[in-house]
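Hello,

I am passing a structure on to you, and I hope you enjoy looking through it. Please open it first; my notes follow below.

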Amino acid sequence: MMPRMQVTGDRLIRQIVRLWQDRSGSFAPVSALAMVGLLGFAALTIDFGFNYFSRSNLQATADATALAGASQLPDQTAMVTEALYYAEQNMPAANYGTILANADVVAGNWNTATRVFTGGLAPINAVMTTTRQTAANNNPVPAFLGGLLGYANYDITTSDGDRRG
């Protein structure tokens, strides 16, 4: 009986060695593991790319609205109206929600020496606008695949100021 057990043990070891050396069929599990990582990076790339694109659009709109508002100074009512008009032209509310509210258009003073904007300070020579796509405004930037990581959307806020003259 003892020699038979020895033969079975040797056979088992040979089977294990042969199985270890056999590489056929190993592509599928390795590929499945690699695809999980690849899809994760693709999701991040898509979401961060769209986030960057949305931030760029908001910043361009903030620039345009500040410039449009500054063109109407010193009339602050016309300043707000013009800024809101340009916000609607750049990013229509039907597509993006309200990205610029009346309170987000601020007239103030731009100090050229310190390069600081102070809202409401006389003499009024500048306008600062803040554009937003946030959950608080009910218009956050959607996350396409970020939902897999727990992010359904992103909040983006940009601002810019422009001086008159």
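Starting with the surface, the chain exposes about 11100 Å², and carbon and sulfur atoms supply 62% of that area. Please keep in mind that this is a predicted model. Of the 165 residues in the chain, 25% are buried.

Next, the overall build. The chain holds 4 helices and 6 strands, and reading along the sequence gives the pattern α-α-α-α-β-β-β-β-β-β. Its radius of gyration is 30 Å, well over the 15 Å that the globule rule gives for 165 residues, so the chain is more spread out than a compact globule. Along the principal axes, the C-alpha atoms fill a box of roughly 105 × 40 × 20 Å.

As for contacts, take those in the chain with a separation of 6 or more: 58% of them join residues 24 or more positions apart.

Where does T61 have its place? It sits in helix α2, which covers residues 27-70. Is T61 buried or exposed? T61 counts as buried because its relative accessibility is 2%, and the cut-off for buried is under 20%. Leaving aside neighbours within four places in sequence, T61 is in contact with A87, N90, M91, I99 and T131.

Best wishes

Conventions
Residues are numbered from 1 along each chain as its sequence is written. This is a predicted model: local features need pLDDT of at least 70, side-chain atom pairs count only at pLDDT 80 or more; totals for chains, interfaces and linings use all residues. Side-chain values use heavy atoms; hydrogens and water are left out. Helices (H or I, at least four residues) and strands (E, at least two) are DSSP runs, numbered from the N terminus. Buried means under 20% relative accessible area, exposed over 50%, partly exposed in between (1.4 Å probe, protein chains only). Contact means heavy atoms within 4.5 Å. The radius of gyration is taken over C-alpha atoms; the globule rule is 2.2 Å times the number of residues to the power 0.38. Accessible areas come from the Shrake-Rupley method with a 1.4 Å probe; for residues, only the protein chains shown count as cover.
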